[in-house]
Amino acid sequence: MRITMIGSGYVGLVSGTCFADFGHEVVCVDKDPSKIEALKAGRMPIYEPGLEALVADNVRQGRLSFTTDLAPAVANADAVFIAVGTPSRRGDGFADLSYVFAAAREIAQALTGYTVIVTKSTVPVGTGDEVERIVREARPDAEFAVVSNPEFLREGAAIEDFKRPDRIVIGTDDDRAVEAMNKVYRPLYLNQAPILVTGRRTAELTKYAANAFLATKITFINEIADLCEQVGANVQEVARGIGLDNRIGSKFLHAGPGYGGSCFPKDTLALVKTAQDAGTPVRLVETVVSVNDQRKRAMARKVVTACGGSVRGKTVAILGLTFKPNTDDMRDAPSLSIITGLQDGGARIVAYDPEGMDQARLVLSDVSYAEDAYACAEGADALVIVTEWNAFRALDLDRLGAVMATPILVDLRNVYSREDVERHGLRYTGIGVVPGLG
Ligand code: NAD
């Protein structure tokens, strides 16, 4: 199959590269010339484990190429995937579909022969209908079908997720399009990935329902963590106690500073807006959105409390800036609200992140960056673990305590146990775990 990917960001680049690795002939298009130049030179515009080697391998085999020139790439393709961004629209929280519609208009102009246009971007229910209308209006002569094929990969494990998905959702009622999509995903039959063929609107909504459910699970355990702190229970043990129940499952039950990232915040909000417009508000998700928003800032207050009630004039060291480990993605990362909250309280911030500091520099101000965790802790009045990178899981606590001005560890990911930390002479604050109680 000849596949063209419009948008070469986290999803487009990973999906395009994996499709090439399946044996398809793939062209990744992006309108950002610096991204395409970097990719042509073998440099990755994003950090994703394993991606650089997989790109290099498929470029070498002649199956993967990069361009800013959309028209010829679309003209030659059997399937064109739209993988552009769908951020929250400024002001009202609806999904901003301007990039999707602009891509649809450009694709329409370049279509030749029967082409399947596949929306991989996360888009609200009914977007496929609008993409179809745009293309049909611009090119009444064109032979095409518009399919929804939402993506469920996780940054940090994107290649593995793409190659071994829990399921593939294909939304269309066009038989020819189903046949083409089966060819695209045939290599995954070997892995026995379930393929769900469904209506286009159902596929679009499935993605939002999945993200909203996961966000709800996280928010649920976060609220239980707060309750644990008040009543003297241990949230990690509660999470284990409920997670071992197969009906509940243990994933997404780690209490922390609130969900962030490029998907959950904008997708939960977009679902809320879609449901309100449809006259059937999803109150549960509305609550999740508001509880999670307040939580991030509340984490700054938690640090202030650990520091004895004020951080004015104090130095707070932050370990981990990205919204989760193994990515450089800073979009809606909890660290942003936490750092701003601490700065508002008068703290000086020093931070370290293994991969996220370049992106962080673009969105944070008045932050000093350190070379590693120990340099970050040097002279600090408190050390806060915000993202659970592996590099922070086995820190030398004696060394940390020795270089800090005040040995206070605020562990927003419950990476360490209180006993361990206190044995090394540091004061400990975790999430949903209370001193001396359990
Ligand atoms: P991204 O911002 O990393 O990448 C989007 C890319 O599209 C950018 O490089 C941009 O320059 C390019 N682009 C925009 N308009 C274009 C056009 N007309 N022609 C060519 N290129 C164009 O975004 P992302 O994180 O890859 O997300 C893409 C979509 O996938 C979103 O809808 C997102 O919700 C969804 N999604 C993301 C993830 C994730 O983990 N990041 C997971 C599942 C689904």
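Predicted model: local features only at pLDDT ≥ 70, side-chain atom pairs only at ≥ 80, totals over all residues.

Visitor: Is alanine 298 buried, partly exposed or exposed?

Guide: Buried would mean under 20% relative accessible area, and exposed over 50%. Alanine 298 has 22% relative accessibility, so this residue counts as partly exposed.

Visitor: How far apart in space are alanine 298 and proline 165?

Guide: Along the sequence, alanine 298 and proline 165 are 133 residues apart. Going from C-alpha to C-alpha, their separation in space is 35 Å.

Visitor: Which residue in β13 is the bridge partner of isoleucine 385?

Guide: Strands β12 (residues 382-385) and β13 (residues 408-411) run parallel and are joined by three bridges. In β13, the partner of isoleucine 385 is aspartate 411.

Visitor: Now for a loop. Is threonine 327 buried or exposed?

Guide: Threonine 327 sits in the loop between β9 (315-319) and α13 (334-344). Leaving aside residues up to four places away in sequence, threonine 327 touches Tyr10, Tyr47, Glu155, Thr322, Glu355 and Trp389. Its relative accessibility is 0%, so threonine 327 counts as buried.

Visitor: The backbone nitrogen of which residue lies 3.1 Å from a polar atom of the threonine 327 side chain?

Guide: A polar contact calls for N or O atoms within 3.5 Å. At 3.1 Å from that side chain lies the backbone nitrogen of aspartate 329.

Visitor: And the ligand: how much of its area does the protein bury?

Guide: There are 23 residues around the ligand, and among those that come nearest are Asp30, Lys35 and Thr86. Polar side-chain atoms of aspartate 30 and lysine 35 each have a ligand oxygen at 2.6 Å, while for the side chain of threonine 86 the distance from an N or O atom to a ligand oxygen is 2.5 Å. Taken alone, the ligand exposes 830 Å², and the share buried by the protein is 91%.

Technical notes. Residues numbered from 1 in each chain as written. Heavy atoms only, no water. Pairing = 2+ DSSP bridges. Helix = DSSP H or I, 4+ residues; strand = E, 2+ residues; numbered from the N terminus. Buried < 20%, exposed > 50% of the residue type's maximum accessible area, 1.4 Å probe, protein only. Polar contact = N/O pair within 3.5 Å; in protein donor to acceptor, adjacent residues only side chain to side chain. Contact = heavy atoms within 4.5 Å. Near = heavy atom within 4 Å. Areas by Shrake-Rupley, 256 points an atom, 1.4 Å probe, with all protein chains shown as cover.
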